[in-house]
Amino acid sequence: MSSPRDEGWLIRVGLASCGIAAGAKEVYNALSARLGDKGLGVTLKKTGCIGMCYNEPLIEVVSPRKERTFYKQVTPDKINRIISEHLIQGKLVTEWAVPDEEINRLLAKQQRIVLRNCGIIDPESIDDYLAVDGYKALKKALSTMSPDEVIGEVTKSGLRGRGGAGFPTGVKWGFARKSSGELKYLICNADEGDPGAFMDRSVLESDPHSVIEGMLIAGYAIGASQGYIYVRAEYPLAINRLELALADAKKAGFIGETILDSNFSFDIKIRQGAGAFVCGEETALLMSLEGRRGMPRVRPPFPAQSGLWGKPTNINNVETLANIAWIILHGASVYSKYGTEKSRGTKVFALAGKIVHGGLIEVPMGITLREIVFDIGGGTSSGLELKAIQIGGPSGGIIPASLMDTPVDYDSLTQTGAIMGSGGLIVMDETSCMIDIARFFLNFIQKESCGKCPFCRIGTRRMLEILERITEGNGKKGDIELLAELAQNVKRASLCGLGQTAPNPVLTTIRYFRNEYEEHIYQKKCRAKKCHALINYTIIPEKCTGCGVCAKYCPVEAISGEKKQPHLIDSNRCIRCGLCMKVCRFDAVSVGSREENA
Amino acid sequence: MDEASEKRISLIINRQRVGAGEGMTILEAAQAAGIYIPTLCADPDLKPYGACHMCVVEVEGRGALLTACTTPVAEGMVVHTETAAVNRLRRAILELLIADCPADILAPSEPPTELQKVAHYLGVTKTHLRKATQVLPIDTSNPFFEFDRNKCILCARCVRACDELIGIRAIELAYRGQYTRVATFGDGLLMDSTCQSCGECVTHCPTGALSHKNVELPEREVATICPYCGVGCGVYLGIRNERVVSVRGDRNNPSSRGQLCVKGRYGIDEFIHHPERLTTPLIRRKGQLSQATWDEALDLVATRLASYHQDEIGIISSAKCTNEDNYVVQKFARVALGTNNIDCCARLCHAPTVAGLTQSLGSGAMTNSIGEIANARCILAIGTNTTSNHPVISFKIKQAVNQGAKLIVANPRRIHLCHYADLYLRLKPGTDVALLMGMMRVIVNQGWLDTAFIEEHTENFAAFRRSLASFDLDTVEKITGVAGEKIAEAARIYATHKPSTILYAMGITQHSHGTDNVMAIANLAMVTGNIGKPSTGINPLRGQNNVQGAGDVGVMPDAYPGYQSVTDPEVRQKFEAAWGTPLPAKPGLTLIDMFIAGRQQKLKAMYLVGENPALSEPNLKCARGVLSNLDFLVVQDIFLSETARLADVVLPAASFAEQDGTFTNTERRVQRVRQAIAPIGDSRPDWWITCQLGQRMGKHGFDFECPAQIMDEITQLVPIYGGISYQRLEGGSLQWPCPTPEHPGTPILHTPQFIRGKGRFTPLEYKPPAELPDSNYPLILTTGRSLYQWHTGTVSRKVAGLNIFRQEALVDIHPDDAQTLGIGDGEMVRIISRRGEVVARTNVNDASPVGTVFMTFHYAESPTNILTNPAFDPVSRIPEFKVCAVRIERK
């Protein structure tokens, strides 16, 4: 891909997984064919994810005068009109364009450092990366800074590990640098496994060189000669783009022997993980890299002393590494202007769940949750009241709407009982049952436990059984206390972060939504109308016209009634799928607690 | 963490001041101070694991409860092991674990499991949690132990033992979450896995999920030594009602540290009590062996043996018998029969070692100790299939590899050890001298030699160096079939990763130039200075449990006990004085030469103690002819072996479990063998039988009352055993030389200087094997052993479980050869050499190179040694078991 001509039109098509899943490849192909035909002097460019995943497939049209327009939910059949009206006639297709107001609202509170190139450059072009100051930081580090100065700069920036634990990156590098040994390893942890989280995937798919450059600088700083990227095999596109980027970087002399005529030599290899959640834990990741079963091991020794194959090893997360080149290039003092005193810089979040603007955002630390959810995220997609957010992945916690003014920094989030985690943020409205949510995350965690520690293996299972019986209406007195006790023990008697944080969703929901637990247990009531065993669907005779649509759709033939007469739902037969409610055009189906409707 | 105790640290555990070594864990410090902390996943033999959290303790100033098994001690640390919070958590863990186990997991058993002990300590009798409903099938596929995963608490001690101690990694944790379980590769049956049935996992299981089959609890236990191979593993025999009912490893044994292989753990008790044990003397009457009294048999033997001229009698003693038995047999030969015609099976295994290393270094024994292997930085394993033949030593090799040591395997066959090797050199059979000389030429040319060591400690280097000239890499590559760069790499690794140690066995010795092979190894160690220091050396792995001892106590035709030459008049005078009789001055016949003399009908009578030459001799047809045609043959054994069937008189001997004595293992370690049960039937200890013969021939010096008295006589005459006594051995084994009662024994030979003064370099040339393939016999046959059987099978084939693993002879053949010959896997074929033919089943695999087939010699039905070539090494008289030419035809 050549760089855009100064004078011509430019069209960018977002071709990260989010775009491709929505059909962006077809859009790109159609555009390519169309533009090829016409010879309009338009540059067509593949790019990654700009962050507006909810609008995919998304194309960006840049006029010769650099006016930028985003078209949302583009399909191949919309292309002709966009080209003829916008490119040829110079008229925006306003009904398909993302309004400026929406873009302003999205971007106003963001600060894009990690995502600086995402959705802008072609991730498959090293020239594109070079054109946005790519590998300049590496040149600067190698030619003007000693490894200790690099570490000093990173330490000064206040950057903390973005994988979740928040350990100061510069300090971590210092440990690895001090470890003696001829051979040291630097590992990029790209084993992103939280349900609903896609920060690392998007960065790798949209800007792989920034991660590679970060690794090179880190390798130089700690004295490593070999790097590994441990990425899950479920990220084939990320792996493809990384492979391409590595090959290009090698060709360009950024990877290999005596890089840029310095004394620094470094190689990077990709290792694919098989998708065990626990392999994101760094000692388990090391085991997996060694070809063994990924299971956390005892620390000490820490990886900095004895890591991969017993050699000093430093492990950083994708997002952490993607910050590095920017920090070196712009200076620690510029970076540390963002954020709070103890949590400097920015953080990437993947917004998901019941939110209007689901996608990828990067915000300065210290921003409140409310700003993220409402100002950037646009509030709940249902229009219903926000109930809570889930943050930090399955081992994070649930923060109620009442605490939306909590600033996003490591310590404030920890105080709520949740954790920063790697950046998953799931929004829930009042149709979400908190017990059901806790059950969902615990189910994930107990399935992903490596099985080493009894409490993580069996304790989480027993907790899950209790949650299941509560949602099934069989909760007993004492269940909440038993859950809390088991949860405390799981935290206490687990070796690794997975087990130590596994009970967080349960503990935070008990803390903030104890009344819902009690309602489930004592009143057999689910206020969110989610727990099948506790709800009933009924037809309101006054509203029912007897059209029979509900009966037609009911998969278990639980609805009966004469034509034009109010219908009835056989509660014993009903499986609470809610289909009748969805198809009824007269709002004649209602859902309520079992008792109320019985 | 034995080595961690240099710097002392002081801490307080339960208000008690406790000292600990730096690097120790809280658990180790507490245990050293006699403070009990319950544990499940912790295991003193294994690395800290930190899973079960049963050992949690409170440490002041640290918020969370800490696992004692993983937390290092620190100066001034204040630890509480018994707080309410600690015990609450422990009980919760235990309840959780037993909720996942069958209801009877805590039902009292004998002996109690570790889980039961911990439950008892914590006062937990039942669980308040919901019971698990998952029921998994029990894996009963292995003949020796079974695995009930329902009782498993996933402490992974079995997995870790199989990995860290044994290096097999047959089992691993599989799946995730509640479905996590211990599984083999592919989650199949143990029997179908790479498991080698050593049973180490069973000994580490705290719940009884892994358990031995056919368990009978012993009333008492006797510490003794395993009777199989030369490693000399310490075992406890469990006795119940005068039967050996159990075997377990002795963790205090310095050679084996409690580890055992499948034969040692599961192959002992069954043969001791096998119904085919000989229980009375047998005399051939009218062509049939029939029962006789001891008096009849002993008188007959004494009378008949006395009737032959001294040159007409040959005596073969046994490397399976104790030092005391062997000493008496050689004394009987020399004193009662007046002959030096005494030898043992060492002639067939390590005679070249004794000859070659004595010439080069001054002593023919393993220079270093087994325990040092794990700390080597390079191991060259040449001509040793260690995992099959010295399994417990192979564990040490794998431990060394786990710790980063480089392993070079040189072997024509792709043996199991190759899986662990950094470099595998697949040389053509019989080309070891060329390979080693090629390596040494590289070492000399590259300047990797230890000049200071060579100058100070060796002689004849210049002549040796000249002999390297003809071993340029091109030539060596042509001879050995190993790529030149691999040879150079082997040289580099061996020479630059000190300490480097060499292990070898019969792949080196059983050649018509076996002594040259051995001296080539000696040259290699000397040229790099890898000798006389820890974890270096030249380490011949001796085959039989007491083959080292048999030689030590004089079962050699040319040496009295202690390797003292029969031709040295001064030595002879010493023995004549001690034994009160004139002794023959000329060296006797070797085992091989006895059979040659037999063929020439110069040898008329033989007294065989625990030997089975009717299966173990090369060119068996001929050897069996000799045995059948002897005028008088006496066989003393515990079973009616193939050889005993040919005897005129059979004398029933007691097994190792039925007598006292000593074995000397491969690392020169003299270890006590203790009587566990009374002799079976009317069998008697070998020393008693031989003494009876001596007495009945009217000779003096055969009135020993017990083995201790025999050892006292040995120590008087054998300087290297001079300081050894049963009393001292009670306190632990001793490695010879141990010349005085104060001497601590010698783990490493040739320090500070070689036993012969200066180590002697030997110039060498390459000699091809005596019989090479041709158009009529196009394949090379090489022979060896299986992990699951032992030598001629006299003992191991009495063990039903071992037979399940290997019940018949197999001929390993490369797929390409099989295809050329049009034969399939598992087909019965005829293997034919110039000397005869045998029938065996094919085992088509690529362990053997193209053009080479492999057989074991365990099976009387397929007596491999019918085929082998009695071409001898001129120095040591060992036959070339490792190379002969054969062809294979469909049956």
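This is a predicted model: local features need pLDDT of at least 70, side-chain atom pairs count only at pLDDT 80 or more; totals for chains, interfaces and linings use all residues.
A residue counts as buried when its relative accessible area is under 20%.

Across all chains, the count comes to 31 aromatic pairs. One of them joins B:F145 and B:Y266, with the ring centres 6.2 Å apart and 35 degrees between the planes, so the pair is tilted. The two partners come from distant parts of chain B: B:F145 belongs to strand β6 (residues 145-147), B:Y266 to helix α6 (residues 262-266), and 121 residues separate them.

A second pair worth a look is B:F332 with B:Y607, an edge-to-face arrangement with 5.7 Å from centre to centre and 80 degrees between the planes. Here, too, distant parts of the chain are linked, as B:F332 sits in helix α9 (residues 323-336) of chain B and B:Y607 in strand β25 (residues 605-609) of chain B, 275 residues apart. B:F332 is buried because its relative accessible area is 0%, and B:Y607 is buried with a value of 0%.

In chain A, the charged end of A:R81 sits over the ring of A:W96, 4.7 Å from the ring centre. In chain B, the ring of B:W688 has the charged end of B:R684 over it, 4.7 Å from its centre.

Note on methods. Residues are numbered from 1 along each chain as its sequence is written. Chains are lettered from A and ligands numbered from 1 in the order in which they are written. Side-chain values use heavy atoms; hydrogens and water are left out. Rings of Phe, Tyr and Trp (its six-membered ring) pair if their centres lie within 6.5 Å; planes under 30 degrees apart count as stacked, over 60 as edge-to-face and the rest as tilted. Helices (H or I, at least four residues) and strands (E, at least two) are DSSP runs, numbered from the N terminus. Buried means under 20% relative accessible area, exposed over 50%, partly exposed in between (1.4 Å probe, protein chains only). A charge sits over a ring if NZ of Lys or CZ of Arg is within 6 Å of the ring centre and within 35 degrees of the ring normal.
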